[in-house]
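Keep the structure open while you read.

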Amino acid sequence: MDKLNIENQMEYLDKIYKLNNNKKLKYFILTMGCQLNENDSEKLCGMIEKMGYSKTDNLQESDLVVFNTCCVRENAEEKLFGKIGEVKLIKEKRGTIIAIGGCMMQEKHIVDKIKKSYKFIDIIFGTHTLHQFPKDMYESVVENKKIEDILDIDGEIIEGLPIVRNDNIKASVTIINGCNNFCSYCIVPYVRGRERSRDPKDIINEITDIAKNGYKEITLLGQNVNSYKGNGNLGIYTFADLLRQVNNIKGIERIRFISPHPKDFTMDVIEAIRDCEKVCKIIHLPVQSGSTNILNKMNRKYTKEQYLELVDKMKKNIPGVVFSTDIIVGFPGETEKDFEDTLDVVSKVHFEQVYMFIYSRRVGTPADIMDEQISEDVKHKRFNKLKSLAESHIEENNKKYLGTIQKILVEGKSRYNENILTGRTETNKIVNFEGENYLIGKIVSSKIISDHMWYFKGEVDDNGWVFANDAALFGYKKTI
Ligand code: SAH
Ligand code: SF4
Ligand code: F3S
């Protein structure tokens with residue numbers, strides 16, 4: 001990203017800030033889709049707050065509304081059109097500026113629809129022009145223009161944007177933009193462009209900074225994190241190198257990453273996960289289907305057997321490792337036998353968590369024009385069958401936690417009960433327990449005393465420990 005452009009954008013931020021001075025303007029932002037989009041929204045919030053707006057959860061009182069959209073499945077798109085109707089009235093009442101950005105705006109047929117049917121939208125921006133939001137805002141506010149700021153070519157890597165993070169214990173850091181894989185069902189490569197890895201120096205600086213600000217957990221983000229390619233700065237060339245370096249950053253206590261692709265899961269990555277004590281030993285390893293025939297049609301570049309071998313190899317090399325996954329049911333041409341193969345993989349791996357999706361046709365992808373699209377009825381039946389199998393495993397698995405001592409990163413107070421703290425195990429299970437506020441942001445050891453489908457109850461007993469920065473331990477006596 002050329003420095004001049006960023007400086008230019010910062011000047012626009014200042015100009016709008018001066019215009020907005022003392023007006024106490026508010027903004028509302030709705031983010032749809034994945035954590036990469038959430039991370040983009042954190043940067044949008046960073047820019048918007050520097051323009052003098054403060055955040056509100058109340059759409060009715062907002063002077064600026066931003067929708068950061070997703071188009072990975074049809075229901076994500078429907079959500080946007082529902083919301084646009086709602087904001088029209090607010091705009092009529094108080095002249096609210098309405099901006100729509102993100103992945104959906106990289107689809108021409110969607111932008112055409114918005115321009116034709118929703119003429120009151122002020123700003124449309126794409127995934128490659130996020131950093132130009134200050135200029136877009138300036139031209140909309142001052143020059144009263146309708147803005148369409150969308151690029152078809154891959155955007156450059158943007159560094160140095162202001163950021164307001166959603167959380168103060170866990171932070172996400174994008175390490176690679178775009179995707180080169182073109183799985184045949186997936187729209188992401190068309191709306192996010194080709195893979196572009198960030199300079200390792202920028203990543204390490206960002207995480208060091210995050211750690212200095214007291215964050216404890218880092219999630220490295222990318223559509224395909226293990227195809228990360230460093231330029232050699234700080235000796236980082238590969239994803240494995242990056243994991244090892246992030247593991248050395250003082251203050252960070254947990255490292256997660258999403259999503260790796262099974263085809264790029266090389267031995268050096270497995271060894272890095274094994275060696276780095278801060279890397280959580282739960283790996284999200286999207287399988288998508290258990291049928292080699294369907295995997296081939298999906299262009300996933302591995303077979304059922306190769307996936308299972310990879311899982312075995314990781315189990316052998318990384319003590320205690322567990323897995324979560326993504327699965328699509330009802331891909332074109334999926335037979336009962338293919339679906340049985342998916343159930344078979346689920347039974348063999350015993351995932352901690354399965355994110356299940358019903359196949360959704362995406363305009364412009366190869367799968368959309370494949371013959372043998374599966375009926376909605378069959379898709380739903382298969383989805384429900386997979387769901388009950390996956391949930392029975394989760395229930396069974398949850399029992400294994402009963403009575404064990406788990407390390408919990410305490411995230412805050414429970415939303416439902418003031419007196420209860422909530423946190424997560426290394427394997428991402430929610431644990432609620434009684435405890436005092438000073439434990440927030442610390443890793444405590446807790447005994448699991450009861451299990452529910454989606455959360456556990458824990459107890460930090462008199463012999464409990466708080467695991468402080470850099471694993472220096474000090475005792476914690478329960479006083480309540
Ligand atoms: N890059 C990541 C995931 C990106 S999208 C990966 O490859 O794992 C998140 C998930 O959405 C995918 O893993 C897939 O399971 C699901 N998905 C993507 N396109 C879909 C479609 N057209 N219909 C249904 N689910 C889809
Ligand atoms: Fe989509 Fe496949 Fe890329 Fe993931 S790896 S974003 S599923 S094309
Ligand atoms: Fe959706 Fe874009 Fe993420 S399509 S899943 S928000 S990369």
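1. Around ligand 2 sit Cys 179, Asn 181, Phe 182, Cys 183, Tyr 185, Cys 186, Val 188, Pro 189, Gln 223, His 261 and Arg 300 (a residue counts as near if one of its heavy atoms lies within 4 Å). Sorted by class, that shell has seven nonpolar, three polar and one charged residues. For the classes, Ala, Val, Leu, Ile, Met, Phe, Trp, Tyr, Cys and Pro are nonpolar, Asp, Glu, Lys and Arg are charged, and the others, Gly among them, are polar.

2. Which residues are around ligand 3? They are Gly 33, Cys 34, Asn 37, Cys 70, Cys 71, Val 72, Cys 103, Arg 192 and Gln 223. Here the shell has five nonpolar, three polar and one charged residues.

3. Next, the chain as a whole. It has 13 helices and 21 strands (DSSP runs numbered from the N terminus: H or I of at least four residues for helices, E of at least two for strands). A compact globule of 480 residues would have a radius of gyration near 23 Å, and the chain agrees, because it has 23 Å (taken over C-alpha atoms; the rule is 2.2 Å times the number of residues to the power 0.38). Along its principal axes, the C-alpha trace spans about 65 × 60 × 45 Å.

4. How far to trust it? Mean pLDDT is 91, with 95% of residues at 70 or more (pLDDT is the predictor's confidence in each residue, from 0 to 100). Over residues 462–480, though, the pLDDT is below 50.

5. The peptide bond from Ile 258 to Ser 259 is cis, with omega near -15°, and Ser 259 lies in the loop between β11 (254–258) and α9 (267–275). Asn 22 isn't a glycine, yet has a positive phi of about 65°; you'll find Asn 22 in the loop between α1 (3–20) and β1 (26–31). For context, most residues other than glycine have a negative phi, and most peptide bonds are trans.

6. Some bookkeeping: residues are numbered from 1 along each chain as its sequence is written, while chains are lettered from A and ligands numbered from 1 in the order in which they are written. Since the model is predicted, local features need pLDDT of at least 70 and side-chain atom pairs count only at 80 or more, whereas totals for chains, interfaces and linings use all residues; side-chain values use heavy atoms, leaving out hydrogens and water.

Note on methods
Contact = heavy atoms within 4.5 Å.
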